[in-house]
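Reader: Hi, I am new to reading protein structures, and I would like to go through one slowly. Could you put it up and let me ask things as they come to mind?

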Amino acid sequence: MAKQNRAVRTRQELIRSAAETFARSGFAESSITQICVRAGLSHGALHFHFGNKRALGEAVESAAAETLLHITGNIPLRHPAPLQLLVDTSHTLAQRLSQDAVLRAGFCLGSDATWPGGANLWQQWQDWVQLMLTVARAQGSLAADIVLDEAVAAITAVIAGLEVLGRRDPQWHSRQAVAPFWRLMLPQLATPEVRAGIDPEGSCPEPPGAGERPRDADWSDGGGREASQPCGALSCC
């Protein structure tokens with residue numbers, strides 16, 4: 001059991017170190033040696049778990065996609081406040097991007113022209129936004145003149161822009177950066193009655209350390225430590 005736990009921890013550390021290296025240098029410029037040095041592990045330990053650098057990239061992307069799915073949760077078709085849930089989840093995503101190196105690297109790989117992987121986290125996020133707005137429209141929460149595809153594109157693009165800006169300055173991932181967008185967006189997006197009940201700063205308390213970038217943020221890789229429960233699809237419905 002101890003040997004199995006050690007193997008799980010080694011795999012997690014390799015994925016974390018690969019994520020930090022990919023986010024810093026890009027996939028093409030990152031080397032197995034750099035990843036091993038950052039992890040404090042040998043080449044043999046790496047190749048025991050991963051056949052090559054691409055396999056490491058796929059593991060990073062898979063772990064990031066799992067974390068994003070945990071943040072968004074399943075689509076609650078009868079959620080009483082889908083637009084507030086959308087706002088809350090965008091805040092949670094931004095906060096987790098500031099703290100989770102693997103999640104951050106997953107999004108970075110998606111915009112890396114040298115990465116041959118198939119997953120697309122921004123498409124995953126965009127699809128979830130579209131479904132949430134579809135639920136809101138079905139409930140009569142959206143303004144009558146809203147074009148759904150345009151609203152989805154605008155929300156996706158702004159959160160994507162904050163992710164890119166936050167790579168250099170994690171304050172772009174804070175509530176103070178996300179809330180102004182919703183103050184501008186909500187009057188166009190929601191009916192007056194619904195808008196009056198939505199908090200653009202999110203309906204859940206901002207956790208300590210939001211907008212900071214600790215090295216050892218929790219994450220899960222299918223058997224590792226489970227990330228802390230987000231304020232969003234899983235906790236505010």
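Author: What follows is a conversation about this structure, which is a predicted model.

Reader: Okay, how many helices and strands does the protein chain have?

Author: The protein chain has 10 helices and 0 strands, and so, by the way elements are counted here, the order from the N terminus on reads α-α-α-α-α-α-α-α-α-α.

Reader: And what share of the residues counts as buried?

Author: Of the 237 residues in the protein chain, 50% count as buried. As for contacts with a separation of 6 or more, 74% of them are between residues 24 or more positions apart.

Reader: Let me switch to rings, then: how many aromatic pairs does the structure hold?

Author: There are 5 aromatic pairs in the structure. One of them joins Phe-107 and Trp-122, whose rings are 4.4 Å apart from centre to centre, with 50° between the planes, and this pair is tilted. It links distant parts of the chain, since Phe-107 belongs to helix α6 (residues 101–110) and Trp-122 to helix α7 (residues 121–138), 15 residues apart.

Reader: Are Phe-107 and Trp-122 buried or exposed?

Author: Phe-107 counts as buried because its relative accessibility is 0%, and Trp-122, at 14%, counts as buried as well, the cut-off being under 20%.

Reader: What about Trp-125 and Trp-128, and why is that pair called stacked?

Author: The ring centres of Trp-125 and Trp-128 are 5.5 Å apart and their planes meet at 25°, so the pair is stacked, as planes under 30 degrees apart count that way. Both residues lie in helix α7, 3 residues apart, which is about one turn of the helix. Trp-125 is buried with a relative accessible area of 0%, and Trp-128 counts as buried at 5%.

Reader: Which residues form an aromatic cluster?

Author: Phe-22, Phe-27 and Trp-115 form one aromatic cluster.

Reader: New topic: which residues of helix α2 are buried?

Author: In helix α2, which covers residues 32–39, the buried residues are Ile-32, Ile-35, Cys-36 and Ala-39. They are on the same side of α2, because the arc they cover around the axis is only 95°.

Reader: What do the buried residues of α2 pack against, and what follows the helix?

Author: The buried residues of α2 pack against α1 (2–25), α3 (43–49) and α4 (53–72). After α2 comes Gly-40, which has a positive phi, near 70°.

Methods. Residues are numbered from 1 along each chain as its sequence is written. This is a predicted model: local features need pLDDT of at least 70, side-chain atom pairs count only at pLDDT 80 or more; totals for chains, interfaces and linings use all residues. Side-chain values use heavy atoms; hydrogens and water are left out. Rings of Phe, Tyr and Trp (its six-membered ring) pair if their centres lie within 6.5 Å; planes under 30 degrees apart count as stacked, over 60 as edge-to-face and the rest as tilted. Helices (H or I, at least four residues) and strands (E, at least two) are DSSP runs, numbered from the N terminus. Buried means under 20% relative accessible area, exposed over 50%, partly exposed in between (1.4 Å probe, protein chains only). The arc is that of the directions from the helix axis to the C-beta atoms. Contact means heavy atoms within 4.5 Å.
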